[in-house]
Amino acid sequence: MKVLVTVKRVPDPETTIRVKSDGSGIETDNIKYVINPFDEIALEEALRIKEKLGAGEVVLVSIGDSVVTEQLRTGLAMGADRAILVGCDQDLDSLAVARILAKIVEDEGPQLVLMGKQAIDDDANQAGQMLAALLGWPQATFASEVVLSDDQQAVKVTREVDGGLETIGFALPGIITSDLRLNEPRYASLPGIMKARKKEIKEVAAADLDADMSPRLTINSLEPPTQKEAGKKVETVEELIGLLHDEAKVI
Amino acid sequence: MADFIDTDFYHTEEFLSEEERLVRDVARRFVDEEFLPRVQQCFREGSFPMELVPRLAELGFLGVTVPTEYGGAGMSSVVYGLISQELERGDSGLRSFASVQSSLVMYPILTFGSEEQKKFWLPRLARAEAIGCFGLTEPDFGSNPGGMITRARRENGGYLLNGTKRWITNGSISDVAVVWAKLEEDGRDVIRGFLVEKEREGFTRQNIDGKFSFRASVTSEMIFEDCWIPEDNLLPKSGGLKSPLMCLTQARYGISWGAIGAAIACYECAVDYAQNRKMFSRPIGGYQLVQAKLVTMLTEITKAQLLAYRLGRLKDAGKMRPDQVSMAKMNNVSTALHTTRLARDILGGNGITDEYPVIRHLLNLETVNTYEGTEDIHRLTLGRYITGLSAFE
């Protein structure tokens, strides 16, 4: 079974993000980048499926300039078999990403596409759904459990929805986007890192894919969230109630 | 946890390859997620977290530079250094476990061992199916290892060992000890290396208790009383004091990176504390004397990073000299120790509790500054290098 996993390069969630003074973006000097954590979970799930079946192929795909090879190499070190880098130096919105991915899916013909439910940089949460629509494939988003049928022709996916869990099933091929609790991704090991040296990263130019990448969204400005003020310690319940009433005006 | 880049003032990150950064991040994550949550309890109890040993092996942290044909990871010395740094950001005891296994057990077997010894032991040591230790220091011979009184005598087609080794990391949890002893050859004593399995008769070990440092690490005494080992247990290519000193050069190289990790842990803690702890009217980080301490800490960390990085590249190019290692070990550990003391001071009373990592690192570094060549001995080594005159005797 061939599983395609999408990988986006995003700032490390532990990095302190500073917005540029003109609001046009974030300061990128000295920022550490990682695989989008939800994509890492998607990759872990793909690796587990392959290990369980004892056969198959896990293919990574990422879109961006050459620096993205760092994240692809990390994914290969975790255990993916090969990677595709779609070279592109323009900013893409979710629809453009989905259109590029649709071309890659047509070319690769995976039975399953595993994606993060969203990227932690722009939190758009759209590429998976849009890709499903473009391909006309079934989708299960926010997956917390994935069970492949014995004949490998269908999946059952438990989804985290408001108020509980929902289990849905569909015939493959299809698209699954991962939620936080799907699994805990493994680390790359040193032997894995050594093996990754020899694995292929195929480069494809986005411009050659005949995908419509024209932007439909523009970012007008970015601003940092307002600084949270320090809390207050109160001595008595009465004082707390007084403050909630008079100052916070919530009761 | 403060951001890693906050302690990379001169952007040493840019010196590293993509692969080196990846390994560093893996080690960092292992320490944050699997080691740090349990270190406080280990240090309190005086126990080493044995359950993490298989994980160290799985991740490839044992025998980083050992060729893959013998089960090692076959990676560079810079990679080994970065792993040491991250492990010691956790605890000096964790880094020591990996240092001993890699530099003081696998290295001598790889360098001085027979093909059979290499094939038998190295893959087992890499997979942590066997744990090793290194017996050079004796109760009365620390800085002067050449004076050792442990002896090997030829007997029954093998060797009979007699003597005592002390301050041995991993001693009582090891399956095999690399033991250095004097053997008479052509009428003169030559220091040779021997492999002694834990089951050998006449070989006993005991833990050294009452430590206030390296509590999350096993430190032992090993006693050999007419302990017989077969001829095949001699490391055939070992010969002279130079052999164990070559091993120590490897380990000291790793320590010069490791100390940076301990210093970084304390610096991060002190910066965070200074920004948040208010005294009189404002955070203590706003006072000049506290700022001066933080500046010293970051400056020393930055200098140590540059020494370690350059030393690593020299080592990988085959150009590293032992006296260069002496400078890095001496400087990086002693400045790291100074950094932990400054951090302890900034944390005030909180600096003495194990709620913060500072006192634990401080106590550990008191050991690191002494073992593997004391700060003073490395100074004398460098003094001899500069003047051509030995101040040892």
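**View 1. Strands 8 and 9 of chain A.** Strand 8 of chain A and strand 9 (residues 164–171) of chain A run antiparallel and are joined by eight bridges. The model shown here and in the other views is predicted. One pairing to look for is that of A:V157, whose bridge partner in strand 9 of chain A is A:I168.

**View 2. Strands 7 and 8 of chain A.** Strand 8 (residues 154–161) of chain A also pairs with strand 7 (residues 139–148) of chain A, in the antiparallel sense and over five bridges. In this pair, A:A143 has A:R159 of strand 8 of chain A as its bridge partner. Five residues lie between the strands of this hairpin. A:Q152 takes a positive phi near 60° there.

**View 3. The interface of chain B and chain A.** On one side are 27 residues of chain B, in contact with 22 residues of chain A. The size of an interface is often given as the accessible area lost when the parts come together. Between chain B and chain A, the buried area is about 2,000 Å². Carbon and sulfur atoms give 57% of that area.

**View 4. Salt bridges and polar contacts between the chains.** Four salt bridges are found across the interface of chain B and chain A. A salt bridge also joins the side chains of A:E40 and B:R29, with an N to O distance of 3.6 Å. Polar contacts between chain B and chain A number seven residue pairs, counting pairs with both residues at pLDDT 80 or more.

**View 5. The side of chain B that touches chain A.** Three helices of chain B each supply at least two residues of this side: helix 1 (18–45), helix 2 (53–58) and helix 3 (77–90). Helix 1 of chain B gives the largest share, twelve residues. By residue class, the side of chain B that touches chain A divides into 13 nonpolar, three polar and eleven charged residues.

**View 6. B:R89 in helix 3 of chain B.** The residue shown, B:R89, has its place in helix 3 of chain B. B:R89 counts as buried because its relative accessibility is 3%, and buried means under 20%. The side chain of B:R89 makes a polar contact with the side chain of B:E86, at 2.8 Å.

Technical notes: Residues are numbered from 1 along each chain as its sequence is written. Chains are lettered from A and ligands numbered from 1 in the order in which they are written. This is a predicted model: local features need pLDDT of at least 70, side-chain atom pairs count only at pLDDT 80 or more; totals for chains, interfaces and linings use all residues. Side-chain values use heavy atoms; hydrogens and water are left out. Contact means heavy atoms within 4.5 Å. Buried area is the accessible area (1.4 Å probe) that two parts lose on being put together, summed over both. A polar contact is a pair of N or O atoms within 3.5 Å; within protein, one must be able to donate a hydrogen and the other to accept it, and residues adjacent in sequence count only if both atoms are side-chain atoms. Helices (H or I, at least four residues) and strands (E, at least two) are DSSP runs, numbered from the N terminus. Ala, Val, Leu, Ile, Met, Phe, Trp, Tyr, Cys and Pro count as nonpolar, Asp, Glu, Lys and Arg as charged, and the others, Gly among them, as polar. Two strands pair if DSSP finds at least two bridges between them. Buried means under 20% relative accessible area, exposed over 50%, partly exposed in between (1.4 Å probe, protein chains only).
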